[in-house]
Amino acid sequence: LAACGKKESKELVMATNAEFPPYEYYDGDEIVGIDVEIAGAIAKELGLELKVEDMAFDSINVAVDSGKADIGAAGMTVTEKRLKNVDFSDSYATATQVIIVQEGSDIKGVDDLVGKSVGVQLGTTGDILAADIEDVTMERFNKGTEAVMALAQGKIDCVIIDNQPAKVFVEKNEGLVILDEKFADEEYAISIKKGNTELLDKVNKALKTLKESGELDKIIAKYISA
Ligand code: GLN
């Protein structure tokens, strides 16, 4: 009887932060993007229906850990620190942090960041990287777009953010450019509650199928032109 009120879940709940094009963003009322489609394809493989929950980036792994969400998919980089709180699937994409500046800026590379004001999205790898640079003034925003806006308005000197969203944001803001010098490569993966090896194995198996069938490449190619 205890199980009386408990319905068998037919959903795969994905926690994300829909401020990260082309991986997840709003198209009208709908959240779309690479991660949404990958998670949808995984859900299909598992015979489940995908439900997407939008939240602050730094709430995603809390939701995964507490069981409020089954997976976190948010262009999320695998880091040692996050691995203490969640498990990660196999990687499905590579990324790097890049520096966005105003055209003609005296910041030409990483070494020029000393003493500058740097905009980042709160709790991201860009945040962690920037905080390590000597003498910088950190400006932390809830959304990457807000950081880019502040840069466009001349309120900060640069933004450090993932390469693909950077491309999208720069295209939308005339006068902003991405520097050639990049930081180290990062791996994007799906976060899953620590110890839930059953779901982890299923997700990895589904990812493998998507990689082998070419569907993963197809999804990525739909949003990112080579
Ligand atoms: N890849 C970065 C990170 O994992 C940023 C992700 C994001 O803002 N959605 O921290």
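This is a predicted model: local features need pLDDT of at least 70, side-chain atom pairs count only at pLDDT 80 or more; totals for chains, interfaces and linings use all residues.
The secondary structure of the chain consists of 8 helices and 14 strands. The radius of gyration is 18 Å, close to the 17 Å that the globule rule gives for 226 residues, so the chain is as compact as a globular protein of that length. The C-alpha trace spans about 65 × 35 × 30 Å along its principal axes. Of the 226 residues in the chain, 40% are buried. When contacts between residues at least 6 apart in sequence are considered, 69% of them join residues at least 24 apart.

The domain assignment divides the chain into domain 1, made of segments 11–92 and 189–223, and domain 2, which covers 96–185. A separation of 25 Å is found between the C-alpha centres of domain 1 and domain 2. The contact between them involves 11 residues from domain 1 and 13 residues from domain 2. On the side of domain 1 that touches domain 2, 6 residues are nonpolar, 3 are polar and 2 are charged.

How values were computed
Residues are numbered from 1 along each chain as its sequence is written. Helices (H or I, at least four residues) and strands (E, at least two) are DSSP runs, numbered from the N terminus. The radius of gyration is taken over C-alpha atoms; the globule rule is 2.2 Å times the number of residues to the power 0.38. A residue is buried if 20 or more other C-beta atoms lie within 10 Å of its own, exposed if 12 or fewer, and partly exposed in between; C-beta atoms are placed from the backbone. Two residues are in contact if their C-beta atoms, placed from the backbone, lie within 7 Å. Domain bounds come from an automatic or database domain assignment. Ala, Val, Leu, Ile, Met, Phe, Trp, Tyr, Cys and Pro count as nonpolar, Asp, Glu, Lys and Arg as charged, and the others, Gly among them, as polar.
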